[in-house]
Amino acid sequence: MTITNNTENVVAQAEMVTATIDGFEVSVPKGTLIIRAAETIGIQIPRFCDHPLLAPVGACRQCLVDVEVNGRAFPKPQASCTMPIEPGMVVKTQLSSPVAEKAQRGVMEFLLINHPLDCPVCDKGGECPLQNQAMSTGQGQTRFEGTKRTFPKPINISSQVLLDRERCILCARCTRFSEQIAGDPFISMSERGALQQVAIYEKDPFESYFSGNTIQICPVGALTGASYRFRARPFDLVSTATACEHCAAGCSMRTDVRRSKVLRRLAGDDPAVNEEWNCDKGRWAFTYATAPDRLTTPLIRNEMSGELVPASWPEAIAVAAAGLSKSRAAVLPGGRLTLEEVYTYQKFARVVLGTNDIDFRARPFSAEESAFLASHVVGSTISNADIDSADSVLLISFEAEEESPIIFLRIRKQVMKRALKVGTVAPFLTPGASKLNAMLYHSITEIESFFTNKSLILVGERAAQTPGLLSKVIEIANSSGAKIAWIPRRAGERGAIEAGAIGNLLPLGRPVSNATARVDIAAAWGIASLPSGPGLDTLEILKSAATGQIGALLIGGLDPFDLAEPAIALAALDSAFVVSLELRESEVTKRANVVFPVASVTEKSGTFLNWEGRERGFEQVLKDTTRVSDLRVLTMLAEALAAPLNLRDSVSAKAEFDSLGEWDGERTPAPSEPIVAAPTPSAGEAVLITWRMLLDLGSMQDGEANLAGTARKANVKLAAETASEIGVRDGDLVRVSTEAGSIALPLEITEMPVRVVWLPENSFGSQIRRSLRVTSGALVRIGSEA
Amino acid sequence: MLLKEATSDQMDEIIARYPRSRSAIMPLLHLVQSIEGFVTPQGIELVASKLGLSTAEVSGVATFYTQYKRRPVGEYHVGVCTNTLCAVMGGDAIFAGLKEHLGIGNDERTSDGKVSLEHIECNAACDYAPLIMVNWEFFDNQTVESAKALVDSLRDGEPPAPSRGPDRLPTWKENSAVLAGLNDGHANEGVQAGPASLVGLEIANRQIPEIGEQR
Amino acid sequence: MKLTPVLSANWDQKDLFTIDGYRRNGGYSAMKKALAMEPAAIISLIKESGLRGRGGAGFPTGLKWSFIPQGDGKPHYLVVNADESEPGTCKDMPLLLANPHVLIEGVIIASYAINSNQAFIYVRGEVVHVVRRLQQAVADAYAAGLLGKNIDGKGYDLDLVIHAGAGAYICGEETALLDSLEGFRGQPRLRPPFPAIAGLYACPTVINNVESIASVPAIINGGVAWFASMGTEKSKGFTLYSLSGHVKQPGQYEAPLGITLRELLELSGGVREGHTLKFWTPGGSSTPLFTAEHLDVPLDYEGVASAGSMLGTKALQIFDETTCIVRAVLRWSEFYQHESCGKCTPCREGTYWLVQILKDLEAGKGTEEDLDKLLDLCDNILGRAFCALGDGATSPITSSIKYFRSEYIAHLTAGQCPFDPVASTLFAGVNA
């Protein structure tokens with residue numbers, strides 16, 4: 001919980017107000033609540049319903065204090081969580097007012113009469129605001145001799161959240177969070193008076209992407225997480241400040257470990273990024289790192305049997321080094337590395353392999369995007385603060401709630417607070433977009449009178465799948481003065497761009513094509529020169545590998561089925577000498593010649609750059625691990641190839657990166673591609689649109705069934721006209737097919753353009769790339785399954 | 001007939017009365033009771049979809065108010081006031097008498113589905129204590145015996161007219177429709193003012209007007 | 001002291017509750033007068049009259065209206081609180097049954113005065129015939145051009161919606177009423193902002209009791225001097241006193257503010273035959289109890305307050321010596337427990353606890369220390385709860401222990417309630 005003064009207008013409102021609390025003078029920005037003004041001088045007023053990020057409610061009455069304004073005392077104690085400090089106000093808390101002290105003690109006694117004495121088996125015991133404040137504010141003995149209110153013990157309000165109504169003190173933090181912050185009022189207060197309780201509607205579970213936050217802000221053990229329940233005592237946990245590895249929002253987190261095992265993760269407190277929230281994926285998707293198929297030793301392919309067999313590190317390094325040096329090699333580091341690691345990959349490519357053939361993009365992309373990243377993303381300083389102050393925000397190829405939930409919360413906060421104008425370019429208005437009160441545009445070309453020079457355009461990585469779209473965005477921004485920010489899905493992509501892990505860029509935006517830039521970096525690295533030819537992109541690398549022009553591939557995190565053309569990737573993996581650095585068995589390791597097991601995010605330290613380019617450094621959580629990071633593997637390989645990288649660890653890699661300095665030379669020109677008309681479907685055909693849901697079959701969600709239980713059920717969406725054209729009704733099974741395969745799912749009639757079909761990209765029952773082998777924009781066949 | 005088809009137009013009409021649609025939630029729940037007899041899951045779901053609310057929100061509202069029932073009540077829902085004044089004046093005895101007479105407890109319904117029983121709070125007719133409400137119509141100045149006779153006639157299908165209400169006692173569902181805002185046209189029936197409402201006026205009329213105090 | 005029927009004056013006139021009957025008795029003449037006035041002049045007139053809120057708190061009505069910001073560009077709303085639910089209170093419902101149009105006329109005048117084009121009457125849902133009368137009256141007023149567009153040809157528009165509640169005492173609390181009317185659970189709101197600034201739909205809103213608004217037409221017609229000729233210096237005018245319980249003639253008695261219970265009992269024939277007054281509420285169960293020693297307390301805002309209670313709704317519930325005070329208080333406490341909205345801790349948990357202690361005491365279980373515990377719990381609820389419901393819940397307990405401590409102790413001594421419940425019934429000796 002935020003203890004410090006977190007009032008957001010602190011900076012803007014310079015006007016200070018001076019008052020007295022318990023005899024101490026305190027000056028705070030106008031509008032500061034008494035309870036938070038007291039915090040600034042170290043006076044802790046007990047509280048339950050109060051939360052700095054929720055609207056004041058004054059419901060629990062625990063924070064009552066005596067207040068005097070202009071020499072006139074309020075006749076009764078006031079809730080300090082709802083009353084702002086006024087000039088000359090005299091506040092007496094429990095420390096100096098017997099009346100306030102008794103009022104607080106009385107409220108505490110009331111709260112405890114119906115609270116069960118199950119602290120010894122309660123997850124919250126040891127970190128429980130009720131327990132703590134009962135010690136500070138309560139009385140040792142109860143005067144209650146009656147019958148306690150009882151409810152059946154915990155009920156599942158979703159597969160991941162349990163509710164114990166006996167422990168609940170009805171502070172309504174959870175329901176207020178769900179309504180005010182997440183916009184998911186799937187839990188509500190129910191019944192009345194002493195029977196009041198938090199409830200879901202029986203048929204509709206609490207399936208909010210943000211549900212875990214309610215557990216974290218619950219001041220008692222009423223809400224608990226199914227995955228953590230009964231696993232640990234808080235005082236046995238060792239906490240480490242970490243950053244979330246899942247998406248590009250870069251949430252600050254806390255990771256709790258007991259005996260070398262991660263037991264839970266909590267949202268960290270970072271007002272500039274995630275305030276005090278995170279999404280359920282960030283909170284609960286961490287068991288992938290302890291999956292049974294986790295790699296433990298290096299593996300090399302036995303040339304006789306064709307099997308991968310365990311090998312020693314020196315042996316594997318030697319085989320890998322030999323393979324990489326034998327023929328032209330390229331590097332595919334993937335989009336999930338730390339800045340330090342991806343910097344090391346690109347240095348390895350340029351220094352050791354002598355090539356610019358490196359591309360972090362393990363997803364559909366385009367040459368237009370390469371130019372866009374170089375011209376508009378690298379070095380960009382657009383940040384969350386720009387969302388906070390924007391006149392309007394346009395989302396393009398970006399479903400904020402699904403693809404970057406914390407950005408969604410940030411936008412929604414402004415929508416709620418000041419009716420921020422939001423637009424979305426999408427085939428239909430998703431639940432997430434409607435929670436932003438977004439205006440729906442089917443095409444970027446139909447937007448009128450939306451932009452000012454304080455508008456912000458948030459472009460998702462999917463924009464690369466629509467030829468000409470990024471160029472159009474740039475054109476609009478240039479004419480309106482609006483700012484553009486690009487939001488990738490993966491946590492490591494912005495870092496990879498800044499590090500230069502792409503064929504057209506050296507570190508920090510230096511164009512490969514620029515001789516000065518190459519000299520700059522070569523000097524910093526202490527080598528004679530850098531390769532000057534433009535590097536191949538991921539697809540070109542894979543095509544060349546499939547045809548034998550490239551003989552070796554050094555691969556970080558890559559899944560062929562994330563790419564636009566999985567078949568080419570699989571062919572490349574089959575023909576080239578593949579060195580794979582991986583956590584777990586994958587399509588790549590299955591085809592690799594040498595496999596190195598690498599450290600997961602908890603087993604290393606490092607820095608992610610989030611979409612803003614903001615550093616999200618994190619410490620190593622599991623200190624006693626013997627796991628080896630990607631960086632360490634690369635330095636060993638480099639040494640084996642007699643081209644040392646001079647990067648001992650992430651600290652030295654970061655130091656070297658930081659020492660390179662900004663590039664103030666020419667930038668890569670912006671792309672200028674024409675919009676290409678979408679294919680025209682005939683009856684029985686449709687243009688496919690697809691994106692990933694937050695919770696889906698992503699491999700980093702493996703092993704967490706409770707989380708998976710709250711994923712949205714996959715369906716197929718069509719306009720009513722399209723549905724009637726193929727003779728299907730709402731709820732009917734619709735089959736979507738290509739030459740490669742098909743998917744059949746129930747139909748949800750949706751207001752959207754005709755002959756457009758939507759499917760989730762990688763959800764249970766709908767794995768587009770595996771089944772259909774196409775991307776968004778492809779023409780597919782649709783038909784009734786019956 | 002399905003709830004949705006039965007009420008869709010009425011729901012739209014009720015929603016249109018309010019500057020913001022959410023305000024229609026209470027009349028819509030009364031409307032659900034006028035068709036279903038109580039607030040059914042279908043009712044909650046229909047109201048939620050009509051108003052663009054979550055089912056949890058609608059259910060949270062429905063469970064807050066005691067007039068919204070979770071299970072079927074009788075065709076005639078009998079409420080006996082047992083708040084202090086009515087209780088002391090005989091409400092407790094009446095309620096006990098009815099429970100025994102009907103063989104049901106609080107919040108229960110007779111097996112024929114005709115009558116359900118509930119002890120209610122002050123119903124703003126203390127000058128007519130002890131008070132019974134049937135389907136929220138006034139039955140004033142009750143005794144144990146009159147109350148038993150009342151429920152007997154309800155079960156026999158011969159409901160007496162309320163003390164201050166329409167000529168014919170409406171059913172639970174019919175009155176729920178009135179609460180939903182649908183005028184049933186019976187407003188002009190029944191007395192204008194009951195006897196207790198007029199005692200003060202009658203005494204005043206007997207007082208000799210003093211100079212300057214004529215109205 | 002004389003009775004002064006104004007609101008109830010024509011309740012015996014034929015078909016007063018219809019629009020024709022109301023007009024026959026001079027109805028809607030005040031509206032005509034008012035619509036010819038400047039809105040600000042109406043507010044001044046009501047201010048000068050000294051009319052104070054008849055719903056319990058006694059806030060000056062004209063002053064409340066004057067808080068509505070004018071020229072703010074926002075819609076304004078008038079909401080009439082017809083959620084009459086305070087135990088013992090039974091004045092607004094008979095008024096609305098007998099004369100719904102006087103309220104509508106008052107609504108038109110008040111709405112016009114505060115520049116509102118949309119008004120609501122929030123009527124409790126447990127009185128269907130009252131709802132019916134209001135619905136019909138509104139329909140007839142629309143048909144007669146008294147509501148809707150261009151009222152009475154004066155260019156003023158007003159829509160009026162009858163909104164039925166669904167059983168929740170707390171919705172009589174004005175901010176809970178607003179939340180309820182907006183379609184939420186009826187729980188009180190934080191103040192500030194006050195409804196006059198951010199009320200219904202966060203717009204400036206006046207919330208008045210039925211009797212307050214129904215008094216407006218008479219004041220417009222009768223004038224300030226006439227109104228002030230009744231009542232006391234700070235509590236002007238006439239009002240409905242509701243007499244109930246162990247009296248010969250329970251009912252509505254309209255009199256100038258400041259009349260005493262002794263006078264009202266004399267006028268009405270007194271306590272029931274053969275019995276004596278034991279305790280009474282001046283304004284519903286939330287106002288601390290009085291006893292025979294308070295018979296001469298002037299029943300106006302100041303008089304009752306200086307005697308340690310509140311005028312409240314002027315619901316005079318009379319109990320004679322056959323009534324067990326512990327039973328009476330327990331029953332009220334059960335009411336508060338049932339009606340506590342659940343939002344704040346002291347009220348929700350406090351009422352839950354109070355009932356348990358009182359149940360034991362009524363059954364003769366417990367010790368005298370439990371009385372002190374009760375008083376201490378009341379001290380922890382009074383002024384600590386979110387709204388006045390919690391305060392109200394403590395009133396019967398603290399006042400009853402003040403006046404009848406020995407009777408509580410008698411229960412403990414006897415190990416049971418020493419009273420015969422039959423003796424207090426209306427039909428005692430008849431068919432019990």
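**View 1. A salt bridge links chain B to chain C.** In this predicted model, the side chains of Asp92(B) and Arg331(C) come together in a salt bridge, with an N to O distance of 2.6 Å. Here a salt bridge is a side-chain nitrogen of Lys or Arg within 4 Å of a carboxyl oxygen of Asp or Glu. Between chain C and chain B the count is 4 salt bridges. On the side of chain C that touches chain B, the residues divide into 43 nonpolar, 32 polar and 16 charged (Ala, Val, Leu, Ile, Met, Phe, Trp, Tyr, Cys and Pro count as nonpolar, Asp, Glu, Lys and Arg as charged, and the others, Gly among them, as polar).

**View 2. The contact between chain C and chain B.** Chain C contributes 91 residues and chain B contributes 81 residues, where contact means heavy atoms within 4.5 Å. Together the two chains bury about 6700 Å², with 58% of it on carbon and sulfur atoms; buried area is the accessible area (1.4 Å probe) that two parts lose on being put together, summed over both.

**View 3. Strand S3 of chain A and its partners.** Buried means under 20% relative accessible area (1.4 Å probe, protein chains only), and strands are DSSP runs (E, at least two residues), numbered from the N terminus. Two strands pair if DSSP finds at least two bridges between them. S3(A) runs antiparallel to S5(A) (residues 78-79), joined by 2 bridges, and Leu64(A) stands opposite Ala79(A) there. With S6(A) (residues 90-92), S3(A) pairs in the antiparallel sense over 3 bridges; Glu68(A) has Val90(A) as its bridge partner.

**View 4. The hairpin of S3(A) and S4(A).** S4(A) (residues 72-73) pairs with S3(A) in the antiparallel sense over 2 bridges, and Val69(A) faces Arg72(A) across the pair. Look in the turn, which has 2 residues between the strands, for Asn70(A), with a positive phi of about 50 degrees.

**View 5. Chain B on its own.** Chain B has 8 helices and 5 strands, helices being DSSP runs (H or I) of at least four residues. Of its 215 residues, 63% are buried.

**Notes.** Residues are numbered from 1 along each chain as its sequence is written, and chains are lettered from A and ligands numbered from 1 in the order in which they are written. Local features need pLDDT of at least 70, side-chain atom pairs count only at pLDDT 80 or more, and totals for chains, interfaces and linings use all residues, while side-chain values use heavy atoms, leaving out hydrogens and water.

Conventions: Buried < 20%, exposed > 50% of the residue type's maximum accessible area, 1.4 Å probe, protein only.
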